[in-house]
Amino acid sequence: MMISLPDAKGAFSDYRLSGKTVPVARLPERPARVVFSAAHVVADPFTDNDPMGLATVDWEATMAFRRYLADMGLGIAEAMDTAQRGMGLDWPGALELIRRTRQELPGALVFNGCGTDHLDPAATRSLDDVRRAYFEQVEAIQALGGRLILMASRALTAVASGPDDYVSVYRDVLGRCDNPVILHWLGDMFDPALAGYWGTDSFDQAMETVLAIIAENESKVDGIKISLLDKDKEIQMRRRLPAGVKMYTGDDFNYPELIAGDEHGFSHALLGIFDPLAPAAAHAVAKLGDGDVKAFRDRLDPTVPLARLIFRAPTQHYKTGVVFLAWLNGFQDHFVMLGGAQAKRPLPYFVEAFKLADDCGLLRDPDMAADRMRRLLALYGA
């Protein structure tokens, strides 16, 4: 199939789709790696709410995508930044999302984002304000039977005076957790408001603080997800984790190498890019479980250029690329996002994402994807 696509200067040329499709696979009950996909949400395009107002979610389409992930045996990281948490989806909406996923998929592997996003950082006056906010979300999610991912707190960044404040707050919050949690170290490339998290701009000093928190609360920590887009930093910390604490890669640039691992260990996965890459992730990790590292790398390595495009700076707008591919693949009938975030990337970005997804075999129905791409081009007057 051919489609005429523009370049960055508006000049059109014919592009022939590859016709490749990633084979369907399902992870076994005990996969070689624990794999979470941080899942997006589908907006209701018919709401009368303004794009920057109260979020209105299409719950059926949102839940259908989660069923799709669970059917492949993938874990779901719910109500995280991929779901536009704090960037379109507020805390009441996140809790409703967590409740619905828990109800719909009671047997699935699901961990849920728990933070302080209902607390205005500008109005935060003390560490106790942050503690109370964390406690509220911990209790609400655990009341639903949900497992926790402790998300980084903008409010804590605003009021903490140094590393000791982080140690104190995390000690108290972890003390309220019923089951081991996943900590989340989110870099400021994903959220500029988190610059200086852990009380320092130095990675080495921040790592020592996090390791101290884990050592003090080891029985309460399942693992830590690092989203710094720096494989060397992740490996450095991975080698220093206690034996029972997992490293979950959040590196959407270097995930094949980090998941494959080395002679000293490997990373599990909790990735936003595993939303659009879900079938490739399931197929690759299934092969890894068979001991076929080459097949694992052959499946995932070609997806890296697409991931690097989707997560290019400004990185926080990666959700736009994720939802674009979900629309191309028929998981939703429109390309409308909470907060109008579909407008956060330019047309050449979408054209390149279309090509790279095709080259990776990630367009489930090339005819439908090409038709939708033409509709997007028409919207831009192309």
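Mentor: Let's begin with a term. A residue is buried when its relative accessible area is under 20%. Keep in mind that this model is predicted.

Trainee: What does a helix's geometry say about directions?

Mentor: An α-helix has 3.6 residues a turn, so residues three or four places apart point the same way. Now look at H12 again.

Trainee: What is found on either side of H12?

Mentor: Start with the loop between H11 and H12, where Pro314 is found. A cis peptide bond joins Ala313 and Pro314, with omega about -5°. Then look past the helix. H12 is followed by Gly330, whose phi is positive, near 80°.

Trainee: Which residue has a positive phi although it is not a glycine?

Mentor: Gln84 is one of them, with a phi of about 65°. Find Gln84 in the loop between strand S4 (75–78) and helix H2 (91–104). Trp198 also has a positive phi, about 75°, and is not a glycine. Trp198 lies in the loop between strand S7 (181–186) and helix H6 (203–216).

Trainee: Is Gln84 buried or exposed?

Mentor: Check the percentage against the cut-off. Gln84 has 3% relative accessibility, so it counts as buried. Trp198 has 1%, so Trp198 counts as buried too.

Trainee: Where is Arg66, and what does Arg66 touch?

Mentor: Arg66 is in helix H1, residues 59–71. Its relative accessibility is 0%, so Arg66 counts as buried. Leaving out residues up to four places away in sequence, Arg66 touches Ala39, His40, Val41, Ile76, Glu78, Leu97, Thr101 and Leu105.

Trainee: How do I read the whole chain?

Mentor: Count the elements, then compare the overall size with a rule. The protein chain has 14 helices and 10 strands. For 382 residues, a compact globule would have a radius of gyration near 21 Å; the chain has 20 Å, which agrees. Of the 382 residues, 56% count as buried.

Trainee: What share of contacts join residues at least 24 apart?

Mentor: Among contacts between residues at least 6 apart in sequence, the share is 71%.

Technical notes
Residues numbered from 1 in each chain as written. Predicted model: local features only at pLDDT ≥ 70, side-chain atom pairs only at ≥ 80, totals over all residues. Heavy atoms only, no water. Helix = DSSP H or I, 4+ residues; strand = E, 2+ residues; numbered from the N terminus. Buried < 20%, exposed > 50% of the residue type's maximum accessible area, 1.4 Å probe, protein only. Contact = heavy atoms within 4.5 Å. Rg over C-alpha atoms; globule rule 2.2 N^0.38 Å.
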